[in-house]
Every structure is written in structure tokens, then in C-alpha cells.
Amino acid sequence: MIYMSFLIGLLLICKGGDWFVDAAANLASSFGIPKYIIGATIVSFATTMPEVIVSVTAAMKGSSVMAIGNAVGSVSANTGIILGISLICLPVWIRREEYLIKNLLYIGCLFLLFLSFQDDVFTPADSIILMMAGTLFMIINMKNAVELRKEPETLKIYKKDLLKNLLFFILGASAIIAGSNVLIHASCEIAKQLNISEDIISVTILAMGTSLPEFVTTISAIVKKESSLSVGNIVGANMIDTTFILPVCTMLTGEHLPVGTQMKYVDLPVCLILAGFALVPMLLRKKIKRHDGVIVLLIYFAYLFFITLRKSI
């Protein structure tokens with residue numbers, strides 16, 4: 001039954017991702033909104049729902065290791081695997097003004113999270129600062145959506161087409177989230193049977209499982225040559241993971257979240273390194289190149305090898 005659940009979850013997210021990306025791209029074109037903006041806001045909020053649900057549930061049950069590990073691990077998985085694949089498959093010129101402030105703000109938020117972990121605890125004060133930064137990111141996106149708005153591709157938006165795209169957007173997002181939850185449960189059960197420790201599960205299997213919506217959305221975007229939608233979705237999803245998930249966990253539990261040694265000295269520093277190698281080069285040269293993606297993938301898999309080997313010794 002566990003393996004059957006795994007397959008059902010996989011089928012749901014694959015089909016849901018196809019509907020989701022098509023609908024998001026069509027809605028962006030219909031209203032003349034840049035696809036990067038759509039990816040960094042609406043699509044990102046939808047695809048990060050599994051991370052939010054899993055981390056909040058873990059925090060409410062008193063498992064700060066799972067809550068923090070899933071949030072940070074998802075950011076690393078998004079950057080190391082998903083953005084890495086996107087950079088390899090979609091080497092294109094970019095408009096720096098669409099990416100510059102948002103990418104730098106995202107890297108800055110990761111650094112703020114790193115600083116907040118140095119006292120071995122995540123507090124409500126840390127939450128407020130990060131949530132302010134996350135809100136600023138969303139405001140900038142809304143402002144850009146207005147400034148960079150183009151004339152719609154069609155002179156008239158037909159109500160029938162609009163309702164159809166909205167329906168498939170909701171259906172796609174729902175299928176992705178439902179499939180992810182089924183897949184996460186099955187993956188964790190398999191991992192527990194293999195006696196894998198909680199901190200490893202949280203930053204690997206659980207983090208990758210909750211990142212499946214972003215992965216499916218990105219693969220669908222790559223197939224459809226939607227590079228802006230892909231990169232925007234990853235950066236937006238990572239901002240939500242970084243600036244909203246842990247603050248929400250802290251506020252709902254009313255407690256400080258203890259930070260583990262591996263998270264403080266290994267997991268989050270690697271997350272920062274991945275973000276730097278993935279996003280800074282494209283800003284400097286105004287072009288995405290394949291070797292950037294290769295470097296990011298190699299760093300991420302080296303990290304996975306290191307933490308797995310460290311626990312097995």
C-alpha cells in the first residue's frame with residue numbers, strides 16, 4: 001500500500017503540474033503581466049503549500065527539527081535541484097531589472113536567517129524581521145507587475161477562457177498539493193522502515209517531497225520554454241519558505257524554535273552558497289548559462305553525500 005500511495009501521489013502531481021503551468025502562463029498573457037511576476041507570487045504561494053502544512057504540523061507537535069529542517073531543506077532542494085535543472089535546460093538572456101532587486105533581497109533574507117540561527121534559537125523577534133522582508137518582496141512584485149504590464153495578447157479577454165484558465169489553475173494546484181501530501185507520507189514511512197534519522201529525513205526526503213510542486217511546475221515550464229515562470233517560481237517559493245514558514249510556526253506555537261548544530265553549521269550555510277552560485281552570475285552577465293546549473297547541482301549532491309556519510313559514520 002505504501003508503494004501504491006507513492007505512485008498515486010506521483011501521478012497526481014505530474015498531471016496537476018501540466019494543468020497548473022498552462023493556466024498560469026495563459027493568465028499572465030491574458031492580463032499582460034510578466035510571467036516572472038506570476039511565477040514569483042501566485043504560482044509560488046500555491047506550490048509552497050506542502051512546505052507550510054508540513055512545517056506548521058511538525059512545530060505544533062513539538063518537532064522543531066522537522067519544522068526547521070523541512071523549511072530550510074526545501075529551499076536547498078529548490079535551489080540545488082530544481083533551479084539547477086532549470087539553469088541547465090533554459091540558458092537565456094534575462095532582463096536584469098526583473099530579477100535584480102528580488103534576487104538580492106532573497107539572498108539577503110537567507111543571510112538574515114543565518115544570523116538569527118547563531119544564538120541556537122529562532123525567536124518571535126527574528127520572525128518579525130523576516131516577515132517584513134517577505135512582505136517587502138511581495139510589494140515589489142506587485143509594483144513591478146503594474147510597471148512592466150504590457151498590453152494583453154488578445155484585445156478582449158473572453159469570460160469563457162478566463163474561467164477555464166482559473167479552473168485549471170485551481171485544479172492543477174489542488175492535484176499537486178494532494179499528490180505531494182500522499183507522496184510525503186509514503187516516503188517518510190519508507191524512510192522510517194529503513195531507520196533513517198529525523199534530521200536527515202527533514203532536510204532530504206521530506207524537503208524534497210514538499211518541493212515536488214515546484215519541481216513539477218519547473219519541469220512543465222522547461223518543456224513549454226517558460227524560463228521566466230520557472231525562475232520566478234523558485235525564487236518566490238524560496239522567499240515564502242524563508243520569510244513566512246518559520247515565523248508562522250513560531251507564532252502558532254508561541255515558543256522559540258531550537259536550532260540544531262547541523263542546521264546552524266552545515267544546512268543553512270550550504271543553502272546560502274547554493275543561492276549565491278545560482279543567482280549572482282545571471283545578474284552580473286544578464287544571461288543564464290548551463291555551467292551555472294551544473295555547479296549548483298554538484299554542490300547540492302556533494303552536500304547530500306556529506307550529511308549522509310556523516311550520519312553513517
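Modeller: Beyond its neighbours within four places in sequence, Asp-292 is in contact (heavy atoms within 4.5 Å) with Leu-87, Phe-277, Pro-281 and Arg-285. Asp-292 lies in helix H13, residues 290-312. Helices are DSSP runs of H or I with at least four residues, numbered from the N terminus. Asp-292 has 5% relative accessibility and counts as buried, that is, under 20% relative accessible area with a 1.4 Å probe and protein chains only.

This is a predicted model: local features need pLDDT of at least 70, side-chain atom pairs count only at pLDDT 80 or more, and totals for chains, interfaces and linings use all residues. Residues are numbered from 1 along each chain as its sequence is written, and side-chain values use heavy atoms, with hydrogens and water left out.

Now the core. A nonpolar core joins buried Ala, Val, Leu, Ile, Met, Phe, Trp, Tyr and Cys residues through side-chain atoms within 4.5 Å. The largest one has 58 residues, and Tyr-106 and Phe-117 touch the most other members. Elements giving two or more residues to this core include H5, helix H12 (261-285) and H13. H12 supplies the largest share, 12 residues. A second, separate core has seven residues, among them Ala-24, Leu-27, Phe-169 and Ile-176.

Back to Tyr-106. Leaving aside neighbours within four places in sequence, its contacts include Val-75, Asn-238, Met-239 and Leu-279.

Helix H5 spans residues 96-116. Phe-111 sits in H5. Phe-111 is partly exposed, with a relative accessible area of 42%; partly exposed lies between the buried limit of 20% and the exposed limit of 50%.
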